[in-house]
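Hi everyone, thanks for making time this morning. Let me put the structure up on the screen, and then I'll walk you through it.

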Amino acid sequence: MAEATSSSRNKVYALGVVGFLAILSILYYLSAPVYIYIIVYMWFGFIYGALQQYGRFCFASAWRDLIMVKVPRMFVGIMMGLMTLSIISAGLMVKYPSFYHPSPIGLHEVIGGLIFGLGMVFAGGCATGSLYKTGEGNMVSLVVLLSLSFSQAIFVASPIFDPIMDAIHATGPNSVKALTPDTWHWPQYLMTDKIFGIAEGQHATFIQNLIGNSLINTILIGMILLIGVYIVVVRKGFLKQRGAKMSQSADGGEVKMSLGDDVAGFWSMISASKRTTIAAVALGVVAAVQVFTMTWMRNDYNFGDAQGVGNFGLVYALNPDGSRRAVGDGASVGDWPAADPSQSTQPKYKVNPTNNKLEAIPGTGGNMFDPGYWYITTQEAMFAAWVMDKTLPESVTGNLKAPHYNTDTTYPKAIQEQLPPNQPENGNRYFGGAGIGNGNAIPSPWLSPALLLSIGLILGASFLSLWNREFKWKFPTKELALYAIGGGILMGIGSRIALGCNIGAFYTRAAFGSWGGWLFFFGMGAGAYISAKVVNYIANKKMTKQLEDMDFDIEL
Amino acid sequence: MKFNKKDDGSYELDVTGYVCPHPQLYTLKCMDKLNEGMVMEVLIDNPSSVESITQACSGKGYTILDTNHPKAGVTAMKIQK
């Protein structure tokens, strides 16, 4: 009876979460119809959160559990999700050829991945894993999130890291330091573009995307890794157990293993956790649907075009004459909110070589972090940056809004000379290349679409965990708080160096054809290996101490 | 972490309050200490750890005799070596 009452109560709470989000959605829409864009981001976050909670989906587990307890569950899940998203994105890239801006490839991804991987094992979860676990009532994960968010902002604000970051970001075939908003998209750094020689301005076909980005960059590499995991981690134990069973059936006779047994073993590894596999595939599908939806909405509301280029910040952008700036025919500007000077930035300009006149660079001015797909740490960094900006003096936070981008030596002097006075440089590489100045690089949290995704993710996990009676408030002990803070700091630093986390720097990059995503993944693995050893050592010491005082009839 | 003997050949491990990877780590380390045939009941309030422990037991040939939920958010797993 008590259990039935508790179950009903939890279901009411779960529905309360949905009700809260529904009310929030209505309020946003009533404020300005175009805010339905933010609402949709939030509901996608809700779905991600529910699916992650269902599938116990955490990227930290992929490397950590593989190393520490020889469980490949999440490693398999991630590969399944990656392959799913990659196959669907082959079509998305034909429909919206410019929706994805591949990040520069370089050592910064390996270094960032290593530091991130170190942190995620201490923290007990990756960036997105910590979000969904917070939704389950796990306040240790909330400590991770806060630590991760503020460490990123402090890292960006601290000028001492700039020379180091400039050096790290200058490695690789295309330097982050040399990026300008109109070169943020690097067309040659997707696998398809490289293999088929797709020139800038041209677009690959569906088959080319499928072969290059999906088959080679994701499926082939993913399958090689899965076979490797099977051979190194799973095979011995599986064949031993299978052999013992077969020997029993053969009345103790000799049993010879064949390739068929290995195939069975590989399949058993893939299918071991149905929950995780279902969640993985579903997450891949939802991530693809999100790309389609956000890109379509941008175009529909005229802050994006049919190619997939767009940015929610354009809703606040002003033309040089002060009029509202739309990418399309402006028909939907009436659905936009009133012009908000605190959120607006003037566009950046370049000289048109055909007529020698200054013109606004597309995508600048009113340029906020709006990836249009699943991303996590960057919006959290911006949230912490906003808090710091509002509460601390500029002498402390000044570097937060500094360009971190294009110094005089790399940006064409001829253009700089013609820019309006006090024209800010081309944006903050740490905040998704968003423009700085009056706003947008650090938007108000309630107007940051990607941040609403993160909040939706927490609440999606809350909904499902409440519904299934898995929600439980859990508060950190001193030990767990130390792990959470330390892990969060490392994850924060790693994610700014790599310009993304397990989702933004690995999952979406690798799925959309950027092999830089794999650099981050292997960096994560190396970092996770080191911190797994540390955690294991501490756990052993703790256990030995505790068991020594106990009376057992077992050997210690 | 609380590790107690319940009766002959039967133990209880309480890792509630812990987050990944501690529940699965302590569970397997304690199971390693037991002799074959012994049973250990683990109390966990971290759903992702339950998933990992289930798979780890399968890999090691341990048998999960029972899984139930004594209260909301808590899973009790009875594992035999």
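Let's begin with helix α18 of chain A, residues 502–511: 10 of its 10 residues are buried, so this helix is largely enclosed by the rest of the structure. By buried I mean that 20 or more other C-beta atoms, placed from the backbone, lie within 10 Å of the residue's own. Helices here are DSSP runs of H or I with at least four residues, strands are E runs of at least two, and both are numbered from the N terminus. Among the buried residues of α18(A) are Phe506(A), Tyr507(A) and Arg509(A). Just after α18(A) comes Gly513(A), with a positive phi of about 105 degrees.

A word on what you're looking at. This is a predicted model, where local features need pLDDT of at least 70 and side-chain atom pairs count only at pLDDT 80 or more, while totals for chains, interfaces and linings use all residues. Residues are numbered from 1 along each chain as its sequence is written, and chains are lettered from A and ligands numbered from 1 in the order in which they are written. The model scores ipTM 0.92 and pTM 0.90. For chain B the mean pLDDT, the predictor's confidence in each residue from 0 to 100, is 91, and 100% of its residues reach 70 or more.

Over to chain B. Its open sheet has five strands in the order β1-β2-β3-β5-β4, with mixed pairing; strands pair if DSSP finds at least two bridges between them. The edge strands are β1(B), 2–7, and β4(B), 63–71. β1(B) runs antiparallel to β2(B), residues 10–14, over five bridges, and Phe3(B) has Leu13(B) as its bridge partner in β2(B).

Finally, how do the chains meet, and how many residues does each bring to the contact? Chain A gives 38 residues and chain B gives 29, with contact meaning C-beta atoms, placed from the backbone, within 7 Å. On the side of chain A that touches chain B, α19(A) supplies the largest share, six residues. Thanks, and I'm happy to take questions!

Definitions and conventions: Two residues are in contact if their C-beta atoms, placed from the backbone, lie within 7 Å. A residue is buried if 20 or more other C-beta atoms lie within 10 Å of its own, exposed if 12 or fewer, and partly exposed in between; C-beta atoms are placed from the backbone.
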